[in-house]
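This briefing goes through one protein structure by topic. Please keep the sequence and the 3D view at hand while reading.

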Amino acid sequence: MKRSRQTLRPSQRSHSLSFEAIGTGWQLDTVEPIEPALAAAIADRIEDFDRTWSRFRADSLVSRISKTPGVWEFPPDAPALFDTYRRLYAATDGAMSPLVGQALDNLGYDRTYSLRSSGSAFAVPAWDDAIGWDGHALTTVLPVSIDVGAAGKGYLVDIVSDMLAAAGHEDFVVDGSGDIRRVGPTPIRVALEHPLDAAKAIGVANVGAAICSSATNRRTWGDGLHHVIDATTGLPTRAVIATWAMADTALEADGLATALFFVDAELLAAEFSFSYVRMFANGTVEFSPNLDGELFT
Amino acid sequence: MRSFTPQKPAIAVFAGLALVGALAGCSTPASDSAAATTGAPSTSPSDPRAASTYKDGTYTESADYQAPSGTETVDVTLTLASGVVTAVTVQGHANDPQAKLHQGQFASGIAAVVVGKNINDLQVDKVGGSSLTSGGFNAAVEEIKADAAA
């Protein structure tokens with residue numbers, strides 16, 4: 001289920017805490033060991049996040065919202081996530097939306113991972129037709145299935161990073177299965193994993209803050225079916241097969257990595273500060289000239 | 001605004017970059033299937049004799065561009081063998097990696113076919129990719145494969 005461990009260069013961050021959370025692997029590399037109390041607090045915080053945002057949990061807030069319209073109070077982590085989604089929604093002309101949950105369900109990417117398409121595309125409602133966000137409460141005028149999978153894990157990587165920093169850690173890396181936040185005096189070198197061959201890299205990026213990636217090939221369960229949904233069509237995207245985005249926060253990097261499947265980078269550059277690489281189905285790559293790193297082309 | 005490393009002949013660098021453009025433009029039919037995995041030299045179908053006038057070797061060009069944070073540099077290195085580009089490497093030197101880009105600057109990204117290198121041969125701290133996906137998802141895919149085989 002996991003790829004074999006790659007050989008990584010020796011690190012000063014000799015302490016490493018690995019665990020499974022939100023269904024995926026996490027690794028926190030630190031110079032000083034993470035105290036058990038902090039590790040427990042991090043686990044609790046991730047659980048809190050999951051209880052709000054997981055579409056796959058019957059007891060989550062977004063699951064309740066998917067059943068009935070209403071006015072829903074959200075916890076304090078919500079504004080940053082909704083605000084980032086709103087900016088991405090505008091910059092992608094509606095293609096990137098948090099309302100794609102039902103479209104994913106219809107295609108089989110659902111709570112039980114049925115991975116069986118119901119055979120029809122779902123018309124994703126327009127943001128302003130379905131929901132209103134006032135900064136702490138969400139008003140829904142119809143049952144909407146919220147899916148923040150395109151930026152939520154990056155945001156959680158930021159949240160865990162902030163907890164480490166608040167506890168006094170000054171040199172660390174938080175790796176949420178490839179969504180990575182670096183805090184410390186020097187950048188880290190991150191291999192850009194080849195989307196068609198996990199043993200290979202297409203380049204290396206020097207990352208001083210955050211890098212997130214998205215690829216469609218790894219979560220594919222049928223002909224042209226994967227988890228990156230264009231909200232304007234309700235169908236998976238096709239031409240781009242992998243993206244990497246580097247930004248100041250993993251929240252933005254994660255969201256941008258998905259947005260780069262939908263639109264060209266210049267549309268996003270008006271709204272966000274980032275660098276990026278993206279790879280197409282024909283094997284070519286495109287990158288921003290502000291990329292700090294190298295590509296093997 | 002461009003500058004060249006002093007030991008390299010500027011004329012050949014320009015010729016080489018033009019060749020990259022030509023290859024990128026006309027390589028689609030030949031490279032569709034093999035594009036992602038091979039770095040094998042491809043030949044320019046237009047005029048082989050023209051290509052053969054370039055000396056074999058490795059050429060580097062540095063290009064500067066203006067970002068709000070100041071001047072940023074990107075180095076492009078390419079290798080010519082028998083008049084054919086066999087490798088292109090791009091090295092960015094962003095002073096401010098998160099420098100906000102203006103529209104149009106993105107257009108300078110080169111659309112070249114990418115070649116994979118073994119991660120074990122690279123000195124890196126982390127791997128950025130999606131291979132470590134959700135355990136539940138992977139288990140479900142395995143189940144479907146098993147169903148399909150039954």
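**Strands, cores and aromatic rings**

In chain A, strand 15 (residues 240-247) and strand 16 (residues 275-280) are antiparallel partners, joined over six bridges. The model is predicted.

**Strand 16 and its neighbours**

- One position that shows the pairing is A:Met246, which stands opposite A:Ser275 in strand 16 of chain A.
- Strand 16 of chain A also runs antiparallel to strand 17 (residues 284-287) of chain A, and three bridges join the two.
- In strand 17 of chain A, A:Val285 is the residue opposite A:Met279.
- Strands 16 and 17 of chain A form a hairpin with three residues between them. In that turn, A:Gly283 has a positive phi of about 90°.
- Six of the six residues of strand 16 of chain A are buried, so the strand is largely enclosed by the rest of the structure.
- The cover extends to both faces of strand 16 of chain A. On one side the buried residues are A:Ser275, A:Val277 and A:Met279, and on the other they are A:Tyr276, A:Arg278 and A:Phe280.

- Strand 1 (residues 15-21) and strand 2 (residues 24-30) of chain A pair in the antiparallel sense, with seven bridges between them.
- A:Glu20 has A:Gly25, in strand 2 of chain A, as its bridge partner.
- Two residues lie between strand 1 and strand 2 of chain A in this hairpin, and A:Ile22 in the turn has a positive phi of about 40°.

**Nonpolar cores**

- The largest nonpolar core has 63 residues. Those with the most contacts inside this core are A:Trp53, A:Phe74, A:Leu81 and A:Phe274.
- Helix 3 (residues 78-91) of chain A gives the largest share of this core, seven residues.
- Leaving aside residues up to four places away in sequence, A:Trp53 touches A:Val62, A:Phe74, A:Asp77, A:Ala78, A:Leu81, A:Phe82 and A:Val148.

**Aromatic rings**

- Over all chains, the search of the whole structure finds ten aromatic pairs.
- For A:Phe49 and A:Trp53, the ring centres are 6.2 Å apart and the planes are at 40°, so this pair is tilted.
- A:Phe49 and A:Trp53 are four residues apart in helix 1 (residues 36-53) of chain A, about one turn of the helix.
- Both A:Phe49 and A:Trp53 are buried.
- One aromatic cluster is formed by A:Phe49, A:Trp53, A:Phe74, A:Phe82, A:Trp133 and A:Tyr155.
- A contact of another kind involves chain B: B:Lys117 lies over the face of A:Phe296, at 4.2 Å from the ring centre.

**Chain A as a whole**

- Chain A has eight helices and 18 strands.
- Of the 297 residues in chain A, 59% are buried.
- Counting contacts in chain A between residues at least 6 apart in sequence, 61% join residues at least 24 apart.

Technical notes. Residues numbered from 1 in each chain as written. Chains lettered and ligands numbered in written order. Predicted model: local features only at pLDDT ≥ 70, side-chain atom pairs only at ≥ 80, totals over all residues. Heavy atoms only, no water. Phe/Tyr/Trp six-rings, centres within 6.5 Å; stacked < 30°, edge-to-face > 60°. Buried < 20%, exposed > 50% of the residue type's maximum accessible area, 1.4 Å probe, protein only. Lys NZ or Arg CZ within 6 Å of the ring centre and 35° of its normal. Core = buried A, V, L, I, M, F, W, Y, C linked by side-chain atoms within 4.5 Å. Contact = heavy atoms within 4.5 Å. Pairing = 2+ DSSP bridges.
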